[in-house]
Amino acid sequence: MSPARQHRDRFAASAKPDHTSTVVAAQEGEGGQEPLLASPIVSASPARLHTLQHAARAAIEEPAALDPSLGEGPDAQIMLRLVHDMRRLKAIQSIEKKIEAKREMLPAYREWVMARLAAAAEAGKTVADEVIPTIMVWLIDVGEYRGAVELAEYMLLHDLPMPARYQRTTPALVTEEIATAAIKAQGAGQRFDLGILTDVEILTADADMHDQIRAKLYKAIGQETALAAEALLPADDQRPAFGKALGALRRAHQLDERAGVKGNIKKLEKLLDAGTPATTEPAPQQGA
């Protein structure tokens, strides 16, 4: 399967929420399915895209119409839609209603985003984009974490910056927002996709960010690893997983003593008869 097809398939699959622990993989070649990429790949020149992105950014930050001279092509249309949707979101005060609105808005961007991913995969290059990072954030907000990680990978691969309004780098934003969502779910007695957390850890391993942010990720990983062991493994097989969970929680505490993991660490140490080093894995080191 080509890199372009992999990009399209993974992003299309992100339409399904990631908060369940069971993932059903779609079979390739099933009849009756529409092509994932139904329209031509966006092919505006870098200079034109730069003009459109600059105009969209200005319109988002300062309410004003895009210059009609920018044209009616797919890039201009998607920029106009983004400006319109950002204004709509700004007028909504309820966070819950904002999320509902983003969920309604996202399908209109999906085809354009898939085209951008495909074009980048085939050409090996891209240009700074206002739409991609915005959609990445929206996907996190509505719980489509797999799609968000896919776009974060694209942005990091091509060294694309976040718009200034987000005030964080791509690795820091993705790490903090997904880790926070996981910890919130765990606190409510719900499971979170451990694969998503692991992918974020790998994707951002070499990135520079505040220790407190990375501590949240290790806290989420440690808690989810322990929960998965308790729920899915027989008692005799739980010890290695508990050891991994303890290592992640200790790393979280090492990075941020206020991470709120002391209770979980003590619980796991008791389960593993702390004091026998062979029963636990060492805390992971950043960048290792």
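What span should the 18 residues of helix H11 (residues 238–255) have at 1.5 Å a residue, and how far apart are its end C-alpha atoms?

**View 1. Helix H11 and its cover.** H11 should span 26 Å, and its end C-alpha atoms are 26 Å apart, which agrees. The expected span is 1.5 Å times one less than the number of residues. Helices are DSSP runs (H or I, at least four residues), numbered from the N terminus. The buried residues of H11 include Gln238, Phe242, Leu246, Leu249, Arg251 and Leu255. Buried means under 20% relative accessible area, exposed over 50%, partly exposed in between (1.4 Å probe, protein chains only). Helix H10 (211–232) and helix H12 (262–271) are among what covers these buried residues.

This is a predicted model: local features need pLDDT of at least 70, side-chain atom pairs count only at pLDDT 80 or more, and totals for chains, interfaces and linings use all residues. Residues are numbered from 1 along each chain as its sequence is written, and side-chain values use heavy atoms, with hydrogens and water left out.

**View 2. Glutamate 104 and arginine 88.** These residues form a salt bridge, with the closest N and O atoms 3.1 Å apart. The pair links helix H4 (residues 95–105) to helix H3 (residues 74–90). A salt bridge puts a side-chain nitrogen of Lys or Arg within 4 Å of a carboxyl oxygen of Asp or Glu. The count comes to 11 salt bridges. Glutamate 104 is exposed at 56% relative accessibility; arginine 88 is partly exposed at 35%.

**View 3. Arginine 110 and glutamate 144.** Their salt bridge has its closest N and O atoms 3.2 Å apart. Arginine 110 lies in helix H5 (residues 107–123), and glutamate 144 in the loop between helix H6 (131–141) and helix H7 (145–157). Arginine 110 is buried at 15%, and glutamate 144 is buried at 10%.

Technical notes:
Helix = DSSP H or I, 4+ residues; strand = E, 2+ residues; numbered from the N terminus. Contact = heavy atoms within 4.5 Å.
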